[in-house]
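Grab a pencil and keep the viewer open. Try each exercise before you read its solution.

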Amino acid sequence: MRALYVEDNPVDVDLLQRTLARSMPELAIDVASSLAEGLAAIDLGRTYDIVLTDLSLPDGSGLDLLGAIHERGLALACVVLTGSGDEGAAIAALKSGADDYLVKDGDYLEHLPGTLTFAMERARAEAARRSRPVRVLYAEHHLFDIDLTLRRLAQSAPHLRIDVVRGPDAVLSRLQAAARTTPYDVLLLDYVLPGMNALDLTKSLRRDHRFDIPIVVVTGQGSEETAAQALRLGVSDYLIKHDGYLHELPVVLDNAFRQAELVRERTALRALTERLRLHSAVIDSTHDGVLITDLDGRIVSVNRAFTELTGYTREDSIGQNPRFLRSGRHGRDFYQTMWATLTRTGCWQGELWNRRKNGELYPEWLTLNAVCDDAGEVTNYVGVFTDISALRQTEARLSHLSHYDPLTDLPNRLLIMSRLEHAIEVARRQKQGLAAICLDLDRFKTINDSLGHQIGDQLLCAVGKRLRGHLRSEDTLGRLGGDEFMVLIERIETPAAAAVVAKGLVDALAEPFRLDSGQEVFMHASVGVSLYPDDGEDHMALVRNADAAMYRAKSQGRNTYGFYTEDLTRFASQRLDLETRLRRGLSNEEFVVFYQPVLSVSDGTLLGAEALVRWQPPGEQMISPADFIPMAEETGLIVQLGEWVLREACRQMRAWDAQGFVLPSVAVNLSAEQVRRQDVGTMLLQVLAESGLAAERLEIELTESSLMQQGEKAAMLLDQLKQHGVRLAIDDFGTGYSSLAYLKRFSIDKLKIDRSFIKDLADDRNDLAIASAIVAMANALDIAVQAEGVENDAQLALLKMIGCGSWQGYSCSPPVPPVDFEQRFLLAGFCA
Ligand SMILES: Nc1nc2c(ncn2[C@@H]2O[C@H](COP(=O)(O)O[C@H]3[C@@H](O)[C@H](n4cnc5c(=O)[nH]c(N)nc54)O[C@@H]3COP(=O)(O)O)[C@@H](O)[C@H]2O)c(=O)[nH]1
């Protein structure tokens, strides 16, 4: 489409071009800055759809341009722009054939696209109308006049289709019949008709029969008074049959017809404007946000609610694509599906998140509809949305209320059961354990009855808070009701770990609760633990059994915890007791290191010693490491303990060095947990540096399983130690995975054949075969071999026979305190 804009003010030109580039990009605009340029552009032959002209031009008026356009019979729309206060001139322009006008003030540019579209439609309609014939009903009694008129009109106005009747009755019946099919456009009446003159007939048609058809009256002799009377009665025009009146008749008929059309159009326009005003008032008064886009998705209109809900003004929004509201919460697919549905079905409905101007995200319920014109072509899209954030908040509040205990704000029974069910599902898939723990306050009823329910409620909240503080964030704590709480611990590896949590909960309540009144109240609890999968495989069974365990704990004296099985309860309490004592033992320095000699198989010379820890609680029997090392590993205390043993062994070696004793090396055990939990390499090298013991005199013993469990971490550690000269031995060789691959991968110095193969070496051919194979393999790989647990000479003789290098065992000595070791093996230069 192409427009010609005639305007001498460059600022107005710029503003208009920008506005139309945004809102009607399909419209190309030529600019002329004077009347002369405008006329030249029209005469140049370029086809325009619309002309916009300022009324006041430097070399004339916009009206002159309109005149020229009409003279040339050009079928194009004309819109006149005037300065404010010039509305009178604008109306004159309309009378001269302009299709519309705009007064240049305020937000006139906003109305420009609508005005242009309307003017072009009007011009098109006008052109279409001109192309159809005008239907005239002609009433004349005299045949001569009829003949003359018809002949003349056929020549000068062929577009007039004329039907002739002879009298008033025929006029009425024809008009009535045509009203049902194709109504006449103009009624032409001769003044003198049989039985009634044209004025009386007009009066009757208008008043009695409500015909609003334009009426033209021709008369032989008329006076001004008759003409005035005719016009008062509703005659559209009045023509005296002077010479040549038949030349004027076509114009008069055309004018009467067009006048009537104009009146009809104006009336329709007024009705339409009123309807639009009503629609716009309705849209503006609704609480739903409304936006209208063109087919390219550009916003062309928004209502007041839109600006209130989004925070964007009309100016911010018009011309934008609605994507400027996007929240970022939906992916491309979401919007693609939305548009695909809208274009396919003409509508889309759904919930989506948008962002307000202040950055806040909000959910809305959006309905999108395609709007079609009379021909069924989509012209626009309309979006109507409701802000549903309040609804969502209410839903969230309701959901919270149905899943959380209103007093303590902890998960309620419903939520705990659902989490327990889900946790069991996860544990089943991942082959893990979990613990369900029931906690019931002891004698809470007494407290409630004596101090009142309000204090009881306060205490329940305080208990909930305190318990929560003793749990990890990933553990679930909930209130089942009354004074009963429930805890859910996932990924529990051992019953002992569950016992730690259960005891922690009991201990958490050891401190009294201080009431607002300052009074202190002691609250204790009985706790029951059930474990998945041993005590139940579904949530009902687990809760039932945890409850049973809790009641048994209550019956056994309250303020304690119990497992569903009594064995487990006993076991767990022993373990917990051991852990407490172990911690105390470490801080009280209750540990000592014993040494067991390592000897050469071939000549019995002393090659070194293995350092083995012992626990000597004051006044009690010495405790074997087999009884406390696993607990130290479980609790992580092994890190502290292992470091202490190493430090002590290195210190002892240096002390013996200082005394002039020669003990070539010392072996120290390293647990897999140490490798897992700490940077053992750095610690080892630091201890060596502090003690001054040469790295080559330290042998580190790692079991096969430690090596396999810690994988790459162990490999890195061994490489690091190897680089510094520390020697490495594989302990308990033959009992674990025994992969030849790791013998090759790690630079192992020694294999220690496990005691279980040595024990029956003399009687069991298989053990002998295994021991021989280990020795042969180690020899081939240039790795030393040491036998553990040698208790008699027969074993020693066989070890010699198969070529084993060194040994340790009761046959020589059990591990002994350093003083004994010194006296028996160092002082006199021992040789077995
Ligand atoms: N991570 C650490 N582990 C340690 C440490 N100290 C000991 N341990 C490990 O504890 C397990 C039991 O040790 P222990 O009770 O000291 O038993 C050792 C010897 O007493 C025993 N032994 C030695 N000779 C004989 C024998 O002829 N017969 C027999 N029945 N037992 C004998 O063998 C144990 C030596 O074990 P090993 O380490 O495999 O060489 C044990 O697994 C220790 O490793 C420590 O400080 N850290």
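This is a predicted model: local features need pLDDT of at least 70, side-chain atom pairs count only at pLDDT 80 or more; totals for chains, interfaces and linings use all residues.

Numbering starts from 1 along each chain as its sequence is written, and side-chain values use heavy atoms, with hydrogens and water left out.

**Exercise 1.** Work out the strand order of the five-strand open sheet, then find the helices that pack on it.

Step 1. Reading across, the order is E9-E8-E10-E13-E14, with parallel pairing. Strands here are DSSP E runs of at least two residues, helices are H or I runs of at least four, and both are numbered from the N terminus. Two strands pair if DSSP finds at least two bridges between them.

Step 2. At the edges sit E9 (160-165) and E14 (237-240), each pairing on one side only.

Step 3. From one strand to the next, the twist averages 20°. Angles run from 0 to 180 degrees between N-to-C directions, using lines fitted to C-alpha atoms (for helices, over the stretch in contact).

Step 4. Zoom in on E10 (residues 186-190) and E13 (residues 215-219): four bridges join them, and Leu187 stands opposite Ile215.

Step 5. Now the helices: H7 (residues 168-180) touches E8 (134-139), E9 and E10, at about 130° to E9. H8 (residues 198-208) touches E10 and E13, at about 150° to E10. Contact means heavy atoms within 4.5 Å.

**Exercise 2.** Decide whether Ser317 is buried or exposed, and list what Ser317 touches.

Step 1. Find Ser317 in helix H12 (residues 314-317).

Step 2. Ser317 counts as buried because its relative accessibility is 0%. The cut-offs are under 20% relative accessible area for buried, over 50% for exposed and partly exposed in between (1.4 Å probe, protein chains only).

Step 3. Leaving aside residues up to four places away in sequence, Ser317 touches Ile299, Val302, Phe306, Tyr312 and Phe324.
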